[in-house]
Amino acid sequence: MVNAVKSLAIESWTLASRCILLGSYKKLQIDDWIMVFVVVTFTGVNVSVNQVSQNLSNYLPPGTAEQFTPEQHDNAVYGSKFVMILEEFMLANTWLCKACLLILYHYMTLGLKQNKLVKLVAAYCVFGYLVTQILYLGVWCRPIQQYWQVPVDNSQCASYYHHLITSAVFNITSDLMMLYIPLPILIRARLPTKRFVPSRIPLQSLLEPSQIH
């Protein structure tokens with residue numbers, strides 16, 4: 001929780017510094033406003049994680065839910081709802097960060113052939129997000145109320161197994177595409193090895209785990 005507060009403070013201060021630099025919040029660009037929503041979704045992730053950790057959920061060994069007291073059953077339903085909310089915040093947070101980085105790449109590659117690649121990757125990200133959401137809300141668990149039913153009739157409504165695989169596939173493949181975008185520019189710049197290698201290290205942050213369950 002302490003790390004989450006520190007991260008939120010850093011993001012908030014970065015945004016405030018940006019406003020000071022530009023002279024007014026009205027001069028913020030689209031990627032700045034996206035980061036405002038990232039702060040919101042990041043806060044939602046941390047609130048949801050705390051709620052899930054303090055309550056039960058429907059992800060239980062077989063036969064456990066039948067032994068619950070009414071209070072434990074209600075806690076499990078409540079916690080299961082926050083698991084679903086947590087996943088939505090995580091998806092929004094991950095794809096908003098991708099959008100912000102793609103906007104940066106768009107400005108970096110204006111007038112270059114890599115700009116077309118940026119647009120293709122952006123289209124792939126939009127496609128991946130929509131497919132993930134459609135499958136998550138409309139296919140893997142039907143009816144949707146099963147996501148917080150205790151016990152569940154469909155194990156996918158508790159384990160999110162198929163959803164997590166789908167989300168990971170689109171997330172990792174789009175990350176790899178975004179890692180590739182700046183490489184031709186860095187290579188053509190003919191940077192010395194001592195400068196070229198460190199310049200690639202920040203890009204590896206894209207491959208950090210993006211799913212919490």
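## Ground rules

Residues are numbered from 1 along each chain as its sequence is written, and side-chain values use heavy atoms, with hydrogens and water left out. Because the model is predicted, local features need pLDDT of at least 70 and side-chain atom pairs count only at pLDDT 80 or more, while totals for chains, interfaces and linings use all residues.

## Helix 3 and its partners

Let's start with helix 3 (70–108); helices here are DSSP runs (H or I, at least four residues), numbered from the N terminus. Helix 2 (residues 30–54) packs against helix 3 at an angle of about 155°, with the axes 8 Å apart. Axes are lines fitted to C-alpha atoms, for helices over the stretch in contact, and angles run from 0 to 180 degrees between N-to-C directions. Helix 2 is therefore roughly antiparallel to helix 3 (angles over 145 degrees count as roughly antiparallel, under 35 as roughly parallel). Their crossing is left-handed, meaning that the near helix is turned anticlockwise from the far one by less than a right angle. By class, the contact of helix 2 with helix 3 holds 23 nonpolar, six polar and one charged residues. In this scheme Ala, Val, Leu, Ile, Met, Phe, Trp, Tyr, Cys and Pro are nonpolar, Asp, Glu, Lys and Arg are charged, and the others, Gly among them, are polar.

Helix 6 (residues 161–180) packs on helix 3 at about 15°, with axes 12 Å apart, so helix 3 and helix 6 are roughly parallel. The crossing of helix 3 and helix 6 is left-handed. On the helix 3 side the contact (heavy atoms within 4.5 Å) includes Leu91, Trp95 and Leu102, and on the helix 6 side it includes Leu164, Phe170 and Met178. The residues of this contact divide into eight nonpolar, five polar and three charged.

## Helix 3 against helix 4

The axes of helix 3 and helix 4 come within 10 Å and cross at roughly 170°, which means that helix 3 is roughly antiparallel to helix 4. By class, the contact of helix 3 with helix 4 has 12 nonpolar, five polar and four charged residues.

## The second largest pocket

Helix 3 and helix 4 (114–138) each supply at least two residues of the lining of the second largest pocket. A pocket is an open set of points on a 1 Å grid over the protein atoms alone, where a 1.4 Å probe fits, with protein on both sides within 12 Å along at least five of seven lines; lining residues have an atom within 4 Å of a point.

The space in this pocket is about 270 Å³, a volume filled by probe spheres set on points joined across faces, edges and corners. Of its 14 lining residues, Ala99, Leu102, Ala122, Cys125 and Val126 lie nearest the centre. The lining divides into 12 nonpolar, one polar and one charged residues.

## Backbone details in the loops

Two cis peptide bonds are worth a look: Arg142 to Pro143, with omega about -10°, and Val150 to Pro151, with omega about -5°. Pro143 is in the loop between helix 4 and helix 5 (156–159), and Pro151 is also in the loop between helix 4 and helix 5.

Tyr160 sits in the loop between helix 5 and helix 6. Phi of Tyr160 is near 60°, a positive value in a residue other than glycine.

Conventions:
Angles under 35 degrees count as roughly parallel, over 145 as roughly antiparallel, 65 to 115 as roughly perpendicular and the rest as oblique.
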